[in-house]
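This report covers strand pairing, aromatic contacts and a surface patch in one model. The sequence and structure come first.

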Amino acid sequence: MVMHKRAFFALLLVTGLLSLAALACSSDQEWIIPRTATPTPTFTPVPLAVDTQFQVGETIRIVGTGFQVSQTTLPEPDQRNNRVIGTQCFPGQTAPIVEIAEGADGLIYYKVTCILDGWVPETNVEPVD
């Protein structure tokens, strides 16, 4: 009888500890498991080895054939799924150059501020007269 009682309490203790461990792993309470900051991946542009038509700080004019010129999140061709959400540039609008990079396709891209910051290809910019 005493052995059965000890085995029952040991089983109860193990079950309780496993239940607490499962609760701690699935809990969103910070006092159980403190949160750690998740680093945000950032794009690091490759230094340019070529001369560009414009420099950082200059103001350029956006050109395009449609109603708007979409900006991308990275210096790469526009593919609709890489656009900066909530912003676009309009043909004829002037914008300051924030950054310059060369894309994987070999084209030069300018990071400009229309409403938000985004990348436009060199084919969509011209000097301000």
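## Strands and hairpins

A hairpin of 3 residues links S3 to S4. The two strands, S4 being residues 117-121, run antiparallel and are joined by 5 bridges; strands count as paired if DSSP finds at least two bridges between them. Tyr 109 has Pro 121 in S4 as its bridge partner. Helices (H or I, at least four residues) and strands (E, at least two) are DSSP runs, numbered from the N terminus.

S3 also pairs with S2, in the antiparallel sense and over 5 bridges. Here Ile 97 has Val 112 in S3 as its bridge partner. The hairpin formed by S2 and S3 has 5 residues between the strands, and Gly 106 in the turn has a positive phi of about 90°.

## Basis of the values

The model is predicted: local features need pLDDT of at least 70, side-chain atom pairs count only at pLDDT 80 or more, and totals for chains, interfaces and linings use all residues. Residues are numbered from 1 along each chain as its sequence is written, and side-chain values use heavy atoms, with hydrogens and water left out.

## Aromatic pairs

The structure holds 3 aromatic pairs. Rings of Phe, Tyr and Trp (its six-membered ring) pair if their centres lie within 6.5 Å; planes under 30 degrees apart count as stacked, over 60 as edge-to-face and the rest as tilted. One of the pairs is Phe 54 with Tyr 110, whose ring centres are 5.7 Å apart with planes at 70°, so this pair is edge-to-face. Phe 54 lies in the loop between H1 and strand S1 (59-62) and Tyr 110 in strand S3 (residues 108-113), so the contact ties together parts 56 residues apart in sequence. Both Phe 54 and Tyr 110 are buried (under 20% relative accessible area; exposed is over 50%, partly exposed in between; 1.4 Å probe, protein chains only).

Phe 67 and Phe 90 have ring centres 5.4 Å apart and planes at 70°, so they too are edge-to-face. Phe 67 lies in the loop between S1 and strand S2 (94-102), as does Phe 90, so the pair ties together parts 23 residues apart in sequence. Phe 67 counts as exposed at 66% relative accessibility, while Phe 90 is partly exposed at 30%.

## Surface patch

Leu 13, Leu 17, Leu 20 and Leu 23 form a nonpolar surface patch with about 420 Å² of accessible area together. Patch residues have over 30% relative accessible area and no salt bridge; like charges are joined within 9 Å, nonpolar side chains (Val, Leu, Ile, Met, Phe, Trp, Tyr) within 5 Å. A salt bridge is a side-chain nitrogen of Lys or Arg within 4 Å of a carboxyl oxygen of Asp or Glu. Areas come from the Shrake-Rupley method with a 1.4 Å probe; for residues, only the protein chains shown count as cover. Leu 23 is in helix H1 (residues 2-26).
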